[in-house]
Amino acid sequence: MKRILFLGTTLLLLCSCTSSKKDLGTNVSVHFSHYWDSIPVSPTDFNSLKFTTKNGEILSIENLRYLVSNLVLTDVNNKNYELSKYQLINLGENQLTIPAVEVPLGTYTLSFVFGFSETQNTDGSYPDLNSVSFNIPNMLGGGYHYMQFDGKYIGENLAPAPFNYHAIRAVNKENPNAIAFQDTSFKVDLGVLVLTNATEIEIQMNIAEWFKNPYTWDLNELNTVLMPNFEAQLLMSQNGKSVFSRGELSQ
Amino acid sequence: MHCTSKEEDEIYTPVPYNLEIPALFASKLIAPVLPLNNPLTEEGVALGKKLFFDKRLSGNNTQSCASCHNPRNSFAENQSFSEGIDGRFGNRNAMPLFNLAWNFEERFAWDGKELSLERQALEPVKNPIEMHSDWKRVAEKLTASPEYPDMFKQAFGSSKIDSILITKAIAQFERTLISGNSKFDRFLRNETSLSPQEQNGFDLFMNEAKGDCFHCHGSNQNPLWTDNKFHNNGLDATPTDLGLGAVTGDPNDNGKFRSPSLRNLIFTAPYMHDGRFTTLDQVINHYSEGLQQSATIDPLMKTVAQGGVQLSPQEKMDLKAFLLSLSDTEFINNPAFKQ
């Protein structure tokens, strides 16, 4: 009798341990990789005039860092599992990875916001972003850049010239007495994935897309001082929507 | 009978040092870099301060760290290049010392070659054009002194003095050099107001279409007033001092130097890595009309084709007024930082 009780208890414990282990889920990390169309881009490609835009300008990359926020996995019951509240991705400094978070096994959709949404974009609130000077001046509404992308391009005059493709919340200062803002951050949906094991999710940025889709970007016209340029910010936001895609799922 | 040495019996526990972090720094920035292998202690900081001002660190006992990093000048040098003990001059302007614990990547000097404050302190002592000594000789001098062995014992648990412990102590002292009470800091704390000139100057500083200084030199949300990154700011068409490029060996880094903090400018002339500008007016003129194109010029120097941001005389005065509002007289008069 005692033996049966012992065996029964042991069996019960084993079953509960197994189900607990399953409930704990698995580790999911995210890695951002970068391309110019199909060509991989890494920091070793920086400072070299070798990328050709759709409009025909040849450019170099000297600085590329951008903010992603609300990176979540949403399950079939619409429950969100937050992978990252926000993260500054910096290609030049190889800061490309979001640390692993434990998530239950299952089927999910993956999404994130490029930049900060309006409610998150509060001035001076993030010490880590302040510490790397990612702030926007108060005269443009404060808050944070979505992206700083700097380099040089060969333009119409055939001499290298600078560009500062800085994406921020759009500011319309046409009427100085009634400054208007437009939230140009955008959600990126990266489709369905099934977690069966520890997983690294690759998210790809096609840098070339910032210059072509749907708006063919002419760097001769739009190169620097783009932060206060309301129309340019709207175009960046439109072009940005086709920049990101999901890459490999390593399980 | 079990005999123990006197040293083993006397175990002294140094007192942790309470670093007074300015409220703005605490709220706006991530934590300062305080290495685990060199925690701040009262004894370590006191020892480091004494060493900082001690001329025995030089070959002929005539120079200390403070000889080139003068507290009155915000721990900077008031001439372009410093003169070493043998009458020879260096080729870089001695940088001011403050808020060093918030240099998060710990790349010090104009060219980033010194990877930590402890490592930086090793160099000037043995440099033949600076203090021209050697660490073995310095250690011997300090060991022979009546006061240092006990001070080292209390700070580090050992009276065996060497370059490691000396530079650790100096680094501890340097980490306490905090400047955060300028007029602009008091303005941000709502304790004072800016003059119209200072406000207009700040607006120019923060305007991407005008000065656009904030991308490299911080903002009201980054009270360091520097990004501590390396930029070619258009000083020379052909840089002869390669700066970061000489450290990394990468030609794309040629002519790049660390953005200095804009705090305490009233005390830290001359300016730039080689002290070429003796006045702030010259600095502002450089960015306004004097930019030089080169292969590695930073893309943020967006107006290089026009020579610079083209400020009017009034705008220049206003910008200067704002920059001077970042100066902190409390820092240079702090008795804790003086001999």
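In the predicted model, Glu43(B), Gly44(B) and Leu47(B) of helix α3(B) meet Met151(B), Phe152(B), Gln154(B) and Ala155(B) of helix α7(B). Sorted by class, this contact comprises 4 nonpolar, 2 polar and 1 charged residues. Two packed helices are described by the angle between their axes and the distance between the axes. For α3 (residues 42–52) and α7 (residues 148–156) of chain B, the axes come within 7 Å and cross at roughly 145 degrees. The crossing of α3(B) and α7(B) is left-handed.

In chain A, strand β1 (residues 26–36) pairs with strands including β7, β14 and β2. With β7 (residues 97–103) of chain A the pairing is antiparallel and extends over 5 bridges; here Val30(A) has Ile98(A) as its bridge partner. With β14 (residues 199–206) of chain A, β1(A) runs parallel, and 8 bridges join the two strands. In β14(A), Val30(A) is partnered by Ile201(A).

The pairing of β1(A) with β2 (residues 39–41) of chain A is antiparallel and is made by 3 bridges, with Ile39(A) in β2(A) as the bridge partner of Trp36(A). These two strands form a hairpin with 2 residues between them, in which Asp37(A) takes a positive phi near 55 degrees.

The contact between the chains takes 23 residues from chain A and 22 residues from chain B. On the side of chain A that touches chain B, the elements giving two or more residues are α2 (127–131), β9 (147–154) and β10 (160–167) of chain A. The residues on this side of chain A divide into 9 nonpolar, 9 polar and 5 charged.

Terms used: Residues are numbered from 1 along each chain as its sequence is written. Chains are lettered from A and ligands numbered from 1 in the order in which they are written. This is a predicted model: local features need pLDDT of at least 70, side-chain atom pairs count only at pLDDT 80 or more; totals for chains, interfaces and linings use all residues. Two residues are in contact if their C-beta atoms, placed from the backbone, lie within 7 Å. Helices (H or I, at least four residues) and strands (E, at least two) are DSSP runs, numbered from the N terminus. Ala, Val, Leu, Ile, Met, Phe, Trp, Tyr, Cys and Pro count as nonpolar, Asp, Glu, Lys and Arg as charged, and the others, Gly among them, as polar. Axes are lines fitted to C-alpha atoms, for helices over the stretch in contact, and angles run from 0 to 180 degrees between N-to-C directions. A crossing is left-handed if the near helix is turned anticlockwise from the far one by less than a right angle, and right-handed if clockwise. Two strands pair if DSSP finds at least two bridges between them.
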